[in-house]
Amino acid sequence: MPNASISTKIKFSGILLITFLEIGAIGGCYHIQIPQAISRYQAAESKVKLGDNREDVLAILMPTQANLSADLKRAPEVWIDSRSGKSTRLWSLYYFRSGWSQDGRLTDDELTPYLFVNDSLVAIGWNALRSLAFQSQAMPQSLASGSQANTPESQGGMESGLFRSPEGQIYLGPIAPNAYGPGINSDATGRPFTYQPDFGGSGYPDPTLKVKPNAYGPGVGMDQYGRPVRPRD
């Protein structure tokens, strides 16, 4: 029996050692992959400028991220603005690793976003995204013209130029309530979403919700019952 006990302890210690080595190997990979990607991105970013074609931009920047595993980068987002009476626009948002906080999380400050409309680069960086709603060359003309019908105050839209769903999707204000039907709203780029309360909601579009934007912080509104509400695809 003593020999069996010793054998069990040795096996258990071996398993622990292998586990620690695997964790260390993973951490070591991160310490190689991320700095390499950042260095390559910094060397390439100056080759890209506003107005460049999406295919050309991706050919320059995507190779800088090629060594990153899926959990170390953020997937691109693509959507179509097909609102009635407007010319169809294809929007695409790509993220490139440009920083590292070494806290085990992937956050916005570690990424640089690139936004394209109809394959043309219209914004680089978070500040550009936040102010994009006020740039007429990038926005649908009805929103860029400054007409009263499309201001954040008249539509109940977001005053800030950028807000996010709990799942991480990016939306640009101001918004147009019920643009796609009862309870189905549109951001400034034509991206559809619904408001859903943090609790007590049905999960379906609710045209009866009256939302005060940003009442609980950026992107977190308040409905007429005082519940926090957030945008969702």
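Guide: Before we look around, here is a term we will need: a residue is buried under 20% relative accessible area, exposed over 50%, and partly exposed in between, using a 1.4 Å probe and protein chains only. This is a predicted model, in which local features need pLDDT of at least 70 and side-chain atom pairs count only at pLDDT 80 or more, while totals for chains, interfaces and linings use all residues. Residues are numbered from 1 along each chain as its sequence is written, and side-chain values use heavy atoms, leaving out hydrogens and water.

Visitor: How many helices and strands does the chain have?

Guide: Helices (H or I, at least four residues) and strands (E, at least two) are DSSP runs, numbered from the N terminus. By that count, the chain has five helices and 11 strands.

Visitor: What share of the chain's residues count as buried?

Guide: The chain has 233 residues. Its accessible surface, from the Shrake-Rupley method with a 1.4 Å probe and only the protein chains shown as cover for residues, comes to about 12,600 Å², with 58% belonging to carbon and sulfur atoms. The share of residues that count as buried is 41%.

Visitor: How many residues of strand S2 are buried?

Guide: Strand S2 covers residues 89-97, nine in total. The strand is mostly covered, and the number of buried residues is eight.

Visitor: Which residue in S3 is the bridge partner of Leu93?

Guide: Two strands pair if DSSP finds at least two bridges between them. S2 pairs with strand S1 (residues 77-81) in the antiparallel sense over five bridges, and there Asp81 stands opposite Arg89. S2 also pairs with strand S3 (residues 111-117), again antiparallel, over seven bridges. In S3, the partner of Leu93 is Leu115.

Visitor: What is the order of the strands in the open sheet?

Guide: The sheet is formed by five strands, with antiparallel pairing. Its edge strands, S7 (176-181) and S10 (221-222), each pair on one side only. Inside the sheet, four bridges join S9 (residues 192-197) to S11 (residues 228-232), and Gln196 has Arg230 as its partner there. The order is S7-S8-S9-S11-S10.

Visitor: What is the phi of Asn118?

Guide: Most residues other than glycine have a negative phi. Asn118 sits in the loop between S3 and S4 and, at 43% relative accessibility, counts as partly exposed. Although Asn118 is not a glycine, its phi is positive, at about 50°.

Visitor: Where is Asn178 found?

Guide: Asn178 is not a glycine either, yet it has a positive phi of about 60°. With a relative accessible area of 41%, Asn178 is partly exposed. It is found in strand S7.

Visitor: How many salt bridges does a search of the whole structure find?

Guide: Side chains of opposite charge can pair when their charged atoms come close. A salt bridge is a side-chain nitrogen of Lys or Arg within 4 Å of a carboxyl oxygen of Asp or Glu. The number found is eight.

Visitor: Is Lys49 buried or exposed?

Guide: Lys49 meets Asp52 in a salt bridge, at 3.1 Å from N to O. Asp52 has a relative accessible area of 15%, so it is buried. Lys49 has 54%, which makes it exposed.

Visitor: How many residues apart are Asp119 and Arg54?

Guide: These two form a salt bridge, with their closest N and O atoms 2.9 Å apart. The pair links distant parts of the chain, Asp119 being in the loop between S3 and S4 and Arg54 in helix H2 (residues 54-61). Asp119 is partly exposed at 29%, whereas Arg54 is buried at 18%. Their separation in the chain is 65 residues.

Visitor: Which residue forms a salt bridge with Arg230?

Guide: Arg230 is partly exposed, with a relative accessible area of 27%. The closest N and O atoms of its salt bridge are 2.9 Å apart. Arg230 lies in strand S11 and its partner in the loop between S9 and S10, so the pair ties together parts that are 32 residues apart in sequence. That partner is Asp198.
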